[in-house]
Amino acid sequence: MRKTFCFGGSRVAKRMSERAPMVDGCVFCDIARRAPTSTTALLFSDDKVVAFRDINPSAFRHYLVIPIEHIPTVNSLQRTTDDHQLVGHMVKVGKDLLNQDAPNSEEHRFGFHQPPFNSVDHLHLHCLALPFIPSWRQVKYTPLGPFGGFIEAEKILERIKPESEVYS
């Protein structure tokens with residue numbers, strides 16, 4: 001089966017825009033389920049997420065942490081305990097990996113690209129140990145205000161934090 005990067009108007013892309021345990025044809029779902037066709041080496045895996053090196057790194061260290069469940073984009077995340085815990089876990093995994101592999105980096109950055117700036121419609125956290133290589137790549141990881149672009153993980157966690165229950 002031809003692998004797609006999940007963008008654009010096909011029937012496959014429509015399926016990939018929905019939340020599901022796994023989606024056929026999604027390159028990140030294949031990595032998450034460790035499909036025989038995937039040659040990606042995993043740096044970390046558990047029952048919720050997997051982590052691996054970005055194939056086109058933009059920084060000294062550039063890892064991706066993805067959920068095993070197919071969640072299309074940050075816009076698919078809900079203000080629920082489950083989604084909040086998932087993103088928090090993704091960030092913790094990324095921080096642990098960078099603290100282990102690049103403890104002396106000048107800065108660590110964690111975030112997501114928002115549509116239409118995401119390259120794959122499967123939620124993925126960029127974990128970057130700076131400096132950017134080459135330096136112009138920092139543009140891809142800069143928030144663009146109302147236009148979207150890159151959003152830091154902490155801002156997503158604030159956005160999807162479940163509302164406190166009111167006790168009377």
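A: In this predicted model, the largest nonpolar core holds 26 residues, of which Val65, Leu77, Val87, Met90, Phe112, Leu125 and Ile156 touch the most other members. Two or more residues of this core come from each of E2, strand E3 (59-67), H3, strand E4 (107-113), strand E5 (125-132) and helix H4 (153-159), and H3 gives the largest share, with 7 residues.

Q: Which residues does Leu77 contact, leaving aside its neighbours within four places in sequence?
A: With heavy atoms within 4.5 Å as the criterion, Leu77 is in contact with Arg19, Ile71, Asp83, Val87, Leu123, Ile156 and Ile160 once those neighbours are left aside.

Q: Why is Val120 called buried?
A: The term applies under 20% relative accessible area, and Val120 has 4%, so Val120 counts as buried.

Q: Which residues line the largest cavity?
A: A cavity is a space where a 1.4 Å probe fits but cannot get out, and by the rule used here there is 1 cavity of 30 Å³ or more. With a volume of about 60 Å³, the largest cavity is lined by Pro72, Thr73, Val74, Phe112, His113, Asn118, Val120, His122, Leu123 and His124. By class, this lining has 5 nonpolar, 5 polar and no charged residues.

Q: What makes up the lining of the largest pocket, which has a volume of about 370 Å³?
A: Unlike a cavity, a pocket is an open set of points. Of the 19 residues that line the largest pocket, Phe28, Asp54, Ile55, Ser119 and Val120 are the closest to its centre. Helix H2 (27-32) and strand E2 (49-53) are the elements that give two or more residues to this lining, and H2 gives the most, with 3 residues. By class, the lining divides into 10 nonpolar, 6 polar and 3 charged residues.

Q: How many residues of each class line the second largest pocket?
A: The second largest pocket, with about 210 Å³ of space, has 3 nonpolar, 2 polar and 6 charged residues in its lining, where Asp, Glu, Lys and Arg count as charged. The lining residues are Arg19, Asp47, Lys48, Pro67, Ile68, Glu69, Asp82, Asp83, Gln85, Leu86 and His89, and helix H3 (residues 81-101) supplies the largest share, 5 residues.

Q: Where does UniProt place the feature "active site", and on what does that label rest?
A: The label comes from an unreviewed UniProt entry, which places it at His126, and such annotations may be inferred rather than shown by experiment.

Q: Is His126 buried or exposed?
A: Because buried means under 20% and His126 stands at 5% relative accessibility, His126 counts as buried. His126 has its place in strand E5 and, leaving aside neighbours within four places in sequence, is in contact with Asp54, His62, Tyr63, Leu64, Arg109, Phe110, Gly111, His113, Tyr141 and Phe150.

Terms used: Residues are numbered from 1 along each chain as its sequence is written. This is a predicted model: local features need pLDDT of at least 70, side-chain atom pairs count only at pLDDT 80 or more; totals for chains, interfaces and linings use all residues. Side-chain values use heavy atoms; hydrogens and water are left out. On a 1 Å grid over the protein atoms alone, a cavity is a set of points where a 1.4 Å probe fits but cannot get out, and a pocket is an open set with protein on both sides within 12 Å along at least five of seven lines; lining residues have an atom within 4 Å of a point. Helices (H or I, at least four residues) and strands (E, at least two) are DSSP runs, numbered from the N terminus. Grid points are joined across faces, edges and corners, and a volume is the space filled by probe spheres set on the points. A nonpolar core is a set of buried Ala, Val, Leu, Ile, Met, Phe, Trp, Tyr and Cys residues joined through side-chain atoms within 4.5 Å. Buried means under 20% relative accessible area, exposed over 50%, partly exposed in between (1.4 Å probe, protein chains only).
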